Amino acid sequence: MNNGLGLLILLTIFVFGISLIFSALSFAPWVPCRSRDLARIFKLAGLKEGQVFYDLGCGDGKLVIYAANHYKAKAIGLEISLPFYLFCRLRKIFNFKADINFKFKNLFKEDLSPADVVYFFGMPETINKKLCAKLKRELKPGAKIISYTFSLVGWTPKIIDKPTPNDLSIYLYEV
Ligand SMILES: C[S@@+](CC[C@H](N)C(=O)[O-])C[C@H]1O[C@@H](n2cnc3c(N)ncnc32)[C@H](O)[C@@H]1O
C-alpha cells in the first residue's frame with residue numbers, strides 16, 4: 001500500500017477512535033435504543049407539527065428522522081462522535097424534505113430553550129451530575145423530557161412507561 005494512503009487510514013482510525021472514547025466519557029457510549037420502542041417514545045412525546053424535538057446524543061439519528069418524518073417536527077440531533085455525525089449527515093441526504101438538523105456539537109454546549117421535547121439515552125451518572133441542572137436552567141415551562149431507561153434523581157416522572165417486565169422503562173417529565 002502507498003505510504004500516504006496508509007497514513008490517512010491510520011489518522012482516520014485515530015480521529016474516529018478518540019471521538020468515540022470522548023463521547024463515551026462525556027455522556028454515554030453509543031448504544032441505540034430499541035427500534036420497537038420508538039412508538040412508545042413518541043407516544044409519550046405527543047409531538048405536534050412544527051414543534052422542536054431534540055435528541056441529545058443522537059447516535060445513528062433514527063429518532064431525529066422519525067420525529068421529522070412521522071410528526072413533521074423540527075428535529076435536531078446533537079452528536080459529538082464524528083463517525084456517527086457523518087453517518088447522520090449521510091442519512092439526511094435521503095431525507096432531504098424533512099426538517100432535520102444534525103449538529104456536530106457537544107450537547108452540553110447547546111442552548112435548549114427552544115425545545116418542546118428533549119429526548120436522551122444517557123448514563124445515569126452523567127444525566128444526574130451534568131445534564132439535570134442544564135435542563136432545569138434552560139427548558140421552557142411545559143417542555144417535555146423523555147429519558148430512555150434511566151430516571152432523573154429527585155424529579156417526579158409524569159409517566160413511567162414499562163408495559164411488560166421485559167420492556168425497558170421510558171420516563172416522561174414535564175418542566
Ligand atoms: C446511548 S447513545 C444514544 C443514541 C440515540 N440517542 C438512541 O437513543 O438510540 C448516546 C449517544 O450520545 C453521544 N454523545 C455522548 N456524549 C455526547 C456529547 N457530549 N454531546 C453530544 N453527543 C454525545 C454518543 O456518541 C452516542 O451516540
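Strands S4 (residues 117-120) and S5 run parallel and are joined by four bridges. Two strands count as a pair here if DSSP finds at least two bridges between them. Within this pairing, Val117 stands opposite Lys144 in S5. Keep in mind that this is a predicted model, where local features need pLDDT of at least 70, side-chain atom pairs count only at pLDDT 80 or more, and totals for chains, interfaces and linings use all residues. Residues are numbered from 1 along each chain as its sequence is written.

S5 has another partner too: five bridges join S5 to strand S7, and these two run antiparallel. There, Tyr148 stands opposite Ile170 in S7. Here are both pairings side by side:

| Strand pair | Direction | Bridges | Facing residues |
|---|---|---|---|
| S4 (residues 117-120) and S5 | parallel | four | Val117 and Lys144 |
| S5 and S7 (residues 170-174) | antiparallel | five | Tyr148 and Ile170 |

A residue is buried if 20 or more other C-beta atoms lie within 10 Å of its own, exposed if 12 or fewer, and partly exposed in between, with C-beta atoms placed from the backbone. Lys144, Ile146 and Tyr148 point one way, while Ile145 and Ser147 point the other way.

Now for helix H3 (residues 62-71), where Leu63, Val64, Ile65, Tyr66, Ala67 and Ala68 are buried. These buried residues pack against several elements, among them helix H2 (38-45), strand S1 (52-56), helix H4 (82-93) and S4.

Zooming out, the chain has five helices and seven strands. Helices (H or I, at least four residues) and strands (E, at least two) are DSSP runs, numbered from the N terminus. From that end, the order is α-α-β-α-β-α-β-β-α-β-β-β.

Of the 175 residues, 35% count as buried. Among contacts with a separation of 6 or more, 67% are between residues 24 or more positions apart; a contact means C-beta atoms, placed from the backbone, within 7 Å. The C-alpha atoms fill a box of roughly 60 × 35 × 35 Å along the principal axes.

Notes: Contact = placed C-beta atoms within 7 Å.
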